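Work through the following exercises with the sequence and the model open beside you. Each exercise sets a task and is followed by a solution that goes step by step.

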Amino acid sequence: MLGAEDFIQDTISDLSERISGKAIIACSGGVDSMVAATLASRAIGDRLLAVYVDNGLMRKGETEEVEGMLKDMGINYLIADASSEFFEALKGVSDPERKRKIIGERFIRVFERQAKEFGAEFLVQGTIAPDWIESGDGVRDTIKSHHNVGGLPKDMGMTLVEPLRDLYKDEVRDVARILGVKASERQPFPGPALAVRCLGEVTPDNVAVVREACFIVEDEIRKAADAGKMDAPWQYFAVLLPSKSVGVQGDRRAYGRTIAIRAVTSVDGMTATYSRIPLDVLDVISSRITNTMKDQVNRVVYDITNKPPATIEWE
Ligand code: XMP
């Protein structure tokens, strides 16, 4: 890529030439969509509408946080609450690729409604290189149909604009830092959100469990990193496993759920090494999860697999 400064200038002028009317962008608050939205907003101002879809699958406090960032960047935005629509569509679905497809399509439906209302002719997306490389695109076998590629229906009726298509994650972060996008230091978060961290069916209950566990993992790891006990991993989160296991609660046998902790070091998500988290930090996470979520979770395990052979997410 060009230097980050040149990339920004060239992209803004390219976008202002290419986007002749109104445009819409799905803004999840992740670094990719925030950078794409900021560049497009600088290019066309309020002819851009950033839509944050509250799909009911986001992390704790995320909607408020994203709204704050959009405000700070002066981007014209809208928060669309569509959570019941998503849960309805995901009812009874366990297959990871079906989940991605359904979520991708739902996203687009919600956008299309907003886009029609706004009169958008262009759809800006924060797709980056690993998204389309890992989604096949005739280059490699499909590993995961990352939703910003796989879920797009052909009949969208809007012109697709992908300003970050040739960039890798570390390059996007460089651009974000220069733009002053706060999401630059946020860890990556998948488009299908907590749905791919709930193995099996995605229900409001399952999502609530993994949301709380994710919050605890993020909170304790951030604290440990701030205290100099460990380096902050590239990505760290919790996964809710679909099977139950036997445990004890008080003097009774209990049958509870299992949470897996995942933390990896990576540069661009294409390969990853599991983080050597100090045992005392793992201990604090495990105790906090099983103490504060004792009615739901009775077992916590740590994933010690690299990518490859595993992927970063479990689905
Ligand atoms: P995997 O699990 O494939 O993840 O090793 C690599 C990086 O991509 C994120 N990820 C996704 N991002 N839509 C996205 O936008 C998806 O469907 C998706 N699946 C995984 C993952 O969190 C990691 O950062």
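A polar contact is a pair of N or O atoms within 3.5 Å, and within protein one of the two must be able to donate a hydrogen and the other to accept it. Please keep in mind that the model used here is predicted.

**Exercise 1.** Describe where Arg197 lies, decide whether Arg197 is buried or exposed, and find the side chain with which its own side chain makes a polar contact.

Solution. Begin with the position in the chain: Arg197 is found in the loop between helix H8 (169-179) and helix H9 (204-226). Next, take the relative accessible area, which is 1% for Arg197; since buried means under 20%, Arg197 is buried. Then look at the side chain of Arg197, which makes a polar contact with the side chain of Glu313 at 2.9 Å. Finally, leaving aside residues up to four places away in sequence, list what Arg197 touches: among these residues are Pro188, Phe189, Val210, Phe237 and Glu313.

**Exercise 2.** Examine two further residues of the loop between H8 and H9, namely Pro190 and Ala193.

Solution. Pro190 has a relative accessibility of 15%, and therefore counts as buried. When residues up to four places away in sequence are not counted, Pro190 touches Val196, Arg197, Gln235 and Glu313. Now compare sequence with space: Pro190 and Met58 are 132 residues apart along the sequence, while their C-alpha atoms are 9.9 Å apart. Turning to Ala193, its relative accessible area is 0%, so Ala193 is buried. The backbone of Ala193 has a phi near 55°, which is a positive value in a residue other than glycine.

**Exercise 3.** Describe how H9 packs against helix H10, and how helix H2 packs against H8.

Solution. Two packed helices are described by the angle between their axes and by the distance between those axes. For H9 and H10 (residues 279-292), the angle is about 150° and the axes are 10 Å apart. Because angles over 145 degrees count as roughly antiparallel, H9 is roughly antiparallel to H10. H9 passes H10 in a right-handed crossing, and the residues that meet include Phe215, Ile216 and Ile221 in H9 and Val281, Ile285 and Ile289 in H10.

For H2 (residues 31-44) and H8, the angle is about 50°, with the axes 10 Å apart. That angle makes H2 oblique to H8, and H2 passes H8 in a left-handed crossing. The contact is made by residues including Val31, Val35 and Leu39 of H2 and Val172, Val175 and Leu179 of H8.

**Exercise 4.** Which type of peptide bond joins Lys307 and Pro308, and which type leads from Pro308 to Pro309?

Solution. Pro308 lies in the segment after strand E9 (297-302), and Pro309 likewise lies in the segment after E9. The bond joining Lys307 and Pro308 is cis, with an omega of about -15°. The bond from Pro308 to Pro309 is cis, with omega near 10°.

Technical notes. Residues are numbered from 1 along each chain as its sequence is written. This is a predicted model: local features need pLDDT of at least 70, side-chain atom pairs count only at pLDDT 80 or more; totals for chains, interfaces and linings use all residues. Side-chain values use heavy atoms; hydrogens and water are left out. Helices (H or I, at least four residues) and strands (E, at least two) are DSSP runs, numbered from the N terminus. Buried means under 20% relative accessible area, exposed over 50%, partly exposed in between (1.4 Å probe, protein chains only). Contact means heavy atoms within 4.5 Å. Axes are lines fitted to C-alpha atoms, for helices over the stretch in contact, and angles run from 0 to 180 degrees between N-to-C directions. Angles under 35 degrees count as roughly parallel, over 145 as roughly antiparallel, 65 to 115 as roughly perpendicular and the rest as oblique. A crossing is left-handed if the near helix is turned anticlockwise from the far one by less than a right angle, and right-handed if clockwise.
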